[in-house]
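Colleague: I'd like to learn how to read salt bridges and sheets in a model. Can you walk me through this one?

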Amino acid sequence: MSSTPELQPAARADSDASDRTRLGATLTEDGADFVVVAPRADAVDLCLLELDSNGAITSERRIGMHGPNRGAWSAHVPGVRAGQRYGYRAYGPWNPSEGLLFNPRKLLLDPYARAIEGAPRLGPELYAHAVDADLSPTYVPFLPSELDSAGHTALGVVTGAQFPVVPGPRVPEERTIIYETHVKGFTHSMPGVPPELRGTYAGLAHPAAVAHLRSLGVTTMELLPVHAAFSEAFLLQRERTNYWGYSTLSYFAPEPSYATQAARAAGPQAVLDEFRGMVSMLHEAGLEVIMDVVYNHTCESGMDGPALSLRGLDNLEYYLHAPYRPAQYVDVTGTGNTVDFRSTRAVQLVLDSLRYWAGDVGIDGFRFDLAVTLGRDASEFQSRHPLLIGMATDPVLQNTKLIAEPWDIGPGGWRTGEFPAPFHDWNDRYRGTVRSFWLHDASEMSKGRPGNDLRDLATRLSGSADMFSYGEYPGGRGPLASINFVTAHDGFTLRDLVSYDYKHNLANGEDNRDGTDDNRSWNHGFEGPLPEGMGGGPIEILRRRSSRNVLATLLVSAGTPMLLGGDEMGRTQDGNNNSYCQDSPISWYDWNLTTWQRDLIATTHFLINLRAQHPVLRPTAFASGSTPDGDALPDLAWFRANADPMDVAAWHDPWTRVVQMLRSGTPMDDDDLLLVINGSLSQEDVTLPAGHGTDWHLMWDSTWAVPRPHTSAFALAHRVSRGPAARARALHPARARASRSGATDCRQDRPGDTTTLDALSLRIYLSGEILIGLPEE
């Protein structure tokens, strides 16, 4: 490593950009305009670079830019065409105590670059300040680095004309079922996908991958971050990477490593084309694409991190600093830095990025990582922050799905239910409640201790009105604003939830300190996989049933369900609940499926299809508990095991573990739904309540390894006694559903019948034929 002579600003370009408000690189008839924001810089050079066949820089042409104009520097360069590699060098004061870190020896990535060449290579060259071999500062306050970063960092690439993307299917909110997955992990080992396409954008759109998603019935793919990223130094020094991608390098360019080798060899434009082609093919298959986006921080880490883009252009403009201490960051993200959304230019950067992905690339929605940070005015969160309102009202974004992860680690960082319409919020209360009821409570009861009462479970099943019925408009955002999930990329998979009591993260190299301890899981009596020959059959049966209980609860709850990819097949991460740095079999999907895994896929498909067919399973408004005009039943009612209405004592009793939820289908012109839950550790007799004078068709029971609706023999075997409605015959009125074929009127369960539910099980009934009383003999 050798130092480079101190650089001087280049002569200014002959011409300024024709439109200084359009940031980034824009092709014109005779060349290109370049515009970049660096308000506190004294000068900025545009650097046009030529590379050899190995990607090494062979020449650098520096052109001085005009400015600053409202903080922006700009230039027009004739002769530039698509494919031109470029970067910036910013000149200005070096005063770390005042947060000023200008160092023109650092070649900086354009924050608006639509494509990038290469990737940063960790080393002292990337740092604006001088560092030693361990990348620690050689002196405090920092001394400027004399090393040039050219050849060690990512370059922007001017992009050209692009083919139109096939429009998205615009799935209605009430029909949306989200499938969260990782581009690489999903197809890394998928049979049917050619080896050269596995783990790539093209692989994700391959017919084999699409067939699996379509067979499940999910409507919307939520992809873990696909913005170009650069892993944290501490991970790279331990020869690991940020596999999840929550370390953004560029808000406009797709991550090149997920493209096929052929696309990468063809150049950055081909990488972008592959991504856009993936979106088009998924749209043609009827699937939406949502991007998980990380705007709250960047990969530049803390003040002692590398200078790759924003930090080198204007550290004070883009990052949140402590009051009166410009040398110190305020970190509410846990990554070392926080983007300062008091800055007009930071807000503009995010909105321009979102409009680009939604408008030019065809993305159907966005999930915002640590979204509370996006609404902070320094320390305080504001639900009507200009950035949030800008997203909600933007004409390009208003037809996309906007999903908030409604927390960060700053003061007052938990804000579930507080984002403005049309945002949806990840509902962590839902996650905790469902895990607690089916798993943690059951574990506690197996040790002789009580679990929780039923109030919170009922609130989550009915749409979480405690959090989503308030807001700017009367009635709030409604139940669909709640993104219901029990598992996500961060935490245990569903299989691990039922197999482990404790996290097992030693593979991460952090002595098992990382990852949450609040798992609310249950290993059912044995930690981890069951050894051959130990006689663990009963444990395995219960584990699978618990998995089905969770899946069914998710898909019958009011709200928008999100399924973690792989849960449909019982994917395990070997107890790792923080696999962020595991680009390994821990994170990749294993498609060598056993019989029980295929059965679980069939169960998932059945439950999703049932939800799709029946609006009563996906209400769009909160229930009131009262009887609407034109109906004979309340829109939502709750019953005890004996069919008596739930009373105050039952709601507050932690030992009451059986509840029945009856949702009237009349407002949706659908069947009635009866959900019967036994959360106890013993069999329980349950008397079915009356609906609209119909019988009850058993659609699904969580004790079934595979779906088998309309199973008369099952109903007969579990029936304890017949109620008064037994002396009735069923008619088939016009409202009877075709799905009832094969059901016999005398073998269905009926109001007043008493039936036995197995321990820790759940049943779904839908109303059937109208009952007509028979004359007395």
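Modeller: Start with the term: a salt bridge is a side-chain nitrogen of Lys or Arg within 4 Å of a carboxyl oxygen of Asp or Glu. Here Asp 292, Arg 367, Asp 369 and Glu 405 form a network of such bridges. Keep in mind that this is a predicted model, with local features needing pLDDT of at least 70, side-chain atom pairs counting only at pLDDT 80 or more, and totals for chains, interfaces and linings using all residues. Numbering runs from 1 along each chain as its sequence is written, and side-chain values use heavy atoms, leaving out hydrogens and water.

Colleague: How many salt bridges turn up in the whole structure?

Modeller: The search finds 36. In one of them, Asp 45 meets Arg 62 at 2.8 Å, N to O. Asp 45 lies in strand 3 and Arg 62 in strand 4, so the pair ties together parts 17 residues apart in sequence. (Strands are DSSP runs of E, at least two residues, and helices runs of H or I, at least four, numbered from the N terminus.)

Colleague: Is Asp 45 buried or exposed?

Modeller: Buried means under 20% relative accessible area, exposed over 50%, partly exposed in between, with a 1.4 Å probe and protein chains only. Asp 45 is buried at 0%, while Arg 62 is partly exposed at 30%.

Colleague: And the sheet: in what order do the strands run?

Modeller: In general, strands of a sheet pair through backbone hydrogen bonds, either parallel or antiparallel. Pairing takes at least two DSSP bridges between two strands. This open sheet has 5 strands, ordered 4-3-7-11-10, with antiparallel pairing. Strands 4 and 10 each have a single partner strand, so one side of each lacks a neighbour in the sheet.
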